[in-house]
Amino acid sequence: MRIDQINWDDARESLHANGFALLSQVLHQDECQSLKALYDEPGHFRKTVVMERHGYGQGEYKYFQYLLPEPIQTLRTALYKAIAPVANQWAGLLKLGIHYPEEHTGFLDECHRNEQNRATPLLLKYGPGGYNAMHQDLYGDVYFPLQAVVFLSEPGADYTGGEFVLTEQAPRAQSKATVLVPKQGDILLFTTQFRPKKGTRGYSRVTMKHGVSAVHSGNRYTLGIIFHDAK
């Protein structure tokens, strides 16, 4: 119900203008605590990644396995439906020849036809010194152009540092960085790889990446919701 009550006109406008949209206080504190607690229940996960081993940064994250816990499944399905119109508008502006199904199940069917059938939602944990290098979350040829991160910890109380960082690189322009400090229960929607930007010759792709600056103290937990499955 809280997803339905979001001002989606404003959120979609922010996605078009900036490549991201912040949805405030979607989850309650107890819901965030329950999701954080899943981190210590190994039966939910298919894979653990220690970031230092791969040069991704410093910290750890765990990919969920199907079936997803109910709150995560509900969020993933509802958010996809709300932003699929943005994905289709972007595909039209950039003349990509792609149409994304209205419902998430239809998009997952397309992933599975391309042998992408592993769950991608994940829980991330950063302790002191933890960070995530700038990157894009692409897991195969089929991917959705938007994704979400749910902030499960309260900045300033649970941790310090650990800002969310977005960079964009427009053609023939220097990079632009945006630094965000969402609160516990907020959801950030942002582009997976690029967004359209209007220029004198029509629309072009603005490449975007995301990452996390170094945590100074405490522990920072987030839930990543990626809408495509992985090979």
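# Reading helices, sheets and rings

Author: Let us start with two helices: α3 and α4 are roughly perpendicular to each other. Please keep in mind that this is a predicted model.

Reader: Thanks! How should I read a helix pair, and at roughly what angle do the axes of α3 and α4 cross?

Author: In general, two packed helices are described by the angle between their axes and by the distance between the axes. Here, helix α3 covers residues 70-93 and helix α4 covers residues 104-113. Their axes cross at roughly 95 degrees and come within 9 Å. An angle from 65 to 115 degrees counts as roughly perpendicular, and that is why α3 and α4 get this description.

Reader: Which residues make the contact between α3 and α4?

Author: On the α3 side, look for Arg 76, Thr 77 and Tyr 80. From α4 come His 104, Phe 107 and Leu 108. Sorted by class, the contact has three nonpolar, two polar and one charged residues.

Reader: How many bridges join β1 to β11?

Author: Four bridges join β1 to β11 (residues 187-191), and the two strands run antiparallel.

Reader: What about β5: how many of its residues are buried?

Author: Four of the five residues of β5 (122-126) are buried, so the strand is mostly covered. On one hand, β4 is joined to β5 by four bridges, running antiparallel; there Glu 60 has Lys 125 as its bridge partner in β5. On the other hand, β5 and β15 pair in the antiparallel sense over five bridges, with Leu 123 partnered by Leu 223 in β15.

Reader: Which residues does Thr 222 touch?

Author: Thr 222 lies in strand β15 and counts as buried because its relative accessibility is 2%. Leaving out residues up to four places away in sequence, Thr 222 touches Leu 122, Leu 123, Leu 124, Val 149, Val 150, Phe 151 and Leu 152.

Reader: What do β3 and β6 do, and over how many bridges do they pair?

Author: β3 (residues 57-58) and β6 pair in the antiparallel sense over two bridges. Gly 57 has Asn 132 as its bridge partner in β6. Two bridges also join β6 to β13 (residues 202-212), again running antiparallel, and His 135 has its partner at His 210 in β13.

Reader: Last topic: how do I read aromatic rings, and how many aromatic pairs are there?

Author: A pair of aromatic rings is described by the distance of the centres and the angle of the planes. The count here comes to 14 aromatic pairs. One of them is formed by Tyr 61 and Tyr 63, edge-to-face, at 5.6 Å centre to centre and with 90 degrees between the planes. Both Tyr 61 and Tyr 63 are buried. Tyr 80 and Phe 144 form a tilted pair, at 4.7 Å centre to centre and with 40 degrees between the planes.

Reader: Where do Tyr 80 and Phe 144 sit in the chain?

Author: Tyr 80 is in helix α3, while Phe 144 is in the loop between β6 (131-135) and β7. They are 64 residues apart, so this pair links distant parts of the chain. Tyr 80 is buried at 0% relative accessibility, and Phe 144 is buried with a relative accessible area of 0%.

Reader: Which residues form one aromatic cluster with Tyr 80?

Author: Tyr 100, Phe 107, Phe 144 and Phe 227 form one aromatic cluster together with Tyr 80.

Technical notes. Residues numbered from 1 in each chain as written. Predicted model: local features only at pLDDT ≥ 70, side-chain atom pairs only at ≥ 80, totals over all residues. Heavy atoms only, no water. Axes fitted to C-alpha atoms, helices over the stretch in contact; angles between N-to-C directions. Parallel < 35°, antiparallel > 145°, perpendicular 65-115°, else oblique. Contact = heavy atoms within 4.5 Å. Nonpolar A, V, L, I, M, F, W, Y, C, P; charged D, E, K, R; others polar. Pairing = 2+ DSSP bridges. Buried < 20%, exposed > 50% of the residue type's maximum accessible area, 1.4 Å probe, protein only. Phe/Tyr/Trp six-rings, centres within 6.5 Å; stacked < 30°, edge-to-face > 60°.
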